[in-house]
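These are my notebook entries on a single protein chain. I record what I looked up, entry by entry.

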Amino acid sequence: YGTFSVFLGDSIAGKTARLAVPFTFCLPFLLAVVGIFAVKISLMHNEYASGMATAIVALLAFCLILILTHRIQGLEHNIRALSLRDELTQLYNRRGFYVLASQALRLAQRANVHFSVLFLDMDNLKEVNDTLGHEAGSELLQEMAALLSANFRETDVVGRLGGDEFVVAGNASYPEIQLATQRLEAATAEANARLDRPYPVRFSYGYVTTDGSNCQVLDDLLS
C-alpha cells in the first residue's frame, strides 16, 4: 500500500513501470561497465567512452519516452472510444451522439447549410424479449444498427440513445433525409425477406430539418 505498490499491480501503470524501471536503472551501469572495459583494452580513451555512454543513454531514454508516449496515446484513444460507443451495437452511445451531433449542428449553422435529425423507435423489441429472450432482442438491435450503418454516410452521426431508440444526425436537406429514410426502409424490407425468422426488423420514425439560419440546439430537434 506504499509508494512503490504500483510496481506490483496488474494495472496499465504497473505493467508500464515494470517495463521502464529495469531499463532506466540497469542500462547506465551496463554502459559504464562497457566503457570501462573499452578503456582497459585501449579501444578508446576515457573521455570518449564517457561521452559515448552519455549519448547512448540519452538516445535510448528518448526512445523509451517515445514508446511510452505512443502506448499511453493508444490507451487514451481506446478509453475515449469506449466512453462514446455503445458496447452492443458499436454505434455512438447517448454521450457520444450528443457530443458529435452537437458539434456537427454548430458547424452546419456556421456554414448555413441544412441539418437533419432522424429518430427511430423499434416496434417489436419488447415482444421479442418476452417471447424469445434477451439474446434474440440483442441480435435484433445489432441488425438495426447494421442497417443504419450501411445506409447512411460515414459523415453522419449514428447513435443508440438507449433501449430501442436510435438516431441519425447530419448535413441533409428535407428531400435528402426523406430519400435516405426510404432507402433504409427498402433495405430493411429486403433484409426481412432474406432472413427466415419470426421477428422481423420493424421501426417507427420521424425526422426534422433545419437550415443554418435557425439557432436551434440538438435537444430542440430531438424533441
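**Entry 1: conventions.** I take helices (H or I, at least four residues) and strands (E, at least two) as DSSP runs, numbered from the N terminus. Residues are numbered from 1 along each chain as its sequence is written, and side-chain values use heavy atoms, with hydrogens and water left out. The model is predicted, and local features need pLDDT of at least 70, side-chain atom pairs count only at pLDDT 80 or more, and totals for chains, interfaces and linings use all residues.

**Entry 2: confidence.** I looked up pLDDT, the predictor's confidence in each residue, from 0 to 100. The protein has a mean of 84, with 95% of its residues at 70 or more.

Entry 3: Most residues other than glycine have a negative phi. Gln90, in the loop between H2 and H3, has phi near 65°. Asn112, which is not a glycine either, has a phi of about 60°.

**Entry 4: Asn112.** I located Asn112 in the loop between helix H3 (94–111) and strand S1 (115–122). For accessibility I use these classes: buried is under 20% relative accessible area, exposed over 50%, and partly exposed in between (1.4 Å probe, protein chains only). Asn112 has a relative accessible area of 53% and is therefore exposed. Its C-alpha atom is 51 Å from that of Leu59, at a separation of 53 residues along the chain.

Entry 5: Leu218 lies in helix H7 (residues 218–222) and counts as buried because its relative accessibility is 4%. I searched for its contacts (heavy atoms within 4.5 Å). Not counting residues up to four places away in sequence, Leu218 touches Phe97, Tyr98, Ala101, Ser102, Leu105 and Val117. Gln103 is in helix H3 and, at 40% relative accessibility, is partly exposed. From Gln103 to Leu218, 115 residues apart along the chain, the C-alpha separation is 9.5 Å.

**Entry 6: H4 against H5.** Axes are lines fitted to C-alpha atoms, for helices over the stretch in contact, and angles run from 0 to 180 degrees between N-to-C directions. Helix H4 (residues 125–132) packs on H5 at about 145°, with the axes 7 Å apart. Leu125, Val128, Asn129 and Leu132 of H4 meet His134, Ala136, Gly137, Leu140 and Leu141 of H5. By class, this contact has 6 nonpolar, 3 polar and no charged residues. Here Ala, Val, Leu, Ile, Met, Phe, Trp, Tyr, Cys and Pro count as nonpolar, Asp, Glu, Lys and Arg as charged, and the others, Gly among them, as polar.

**Entry 7: H5 against H6.** The axes of H5 (residues 134–151) and H6 (residues 174–194) come within 10 Å and cross at roughly 135°. Met144, Leu147, Leu148 and Asn151 in H5 meet Arg183, Leu184, Ala187, Thr188 and Ala191 in H6. The residues of this contact divide into 6 nonpolar, 2 polar and 1 charged.
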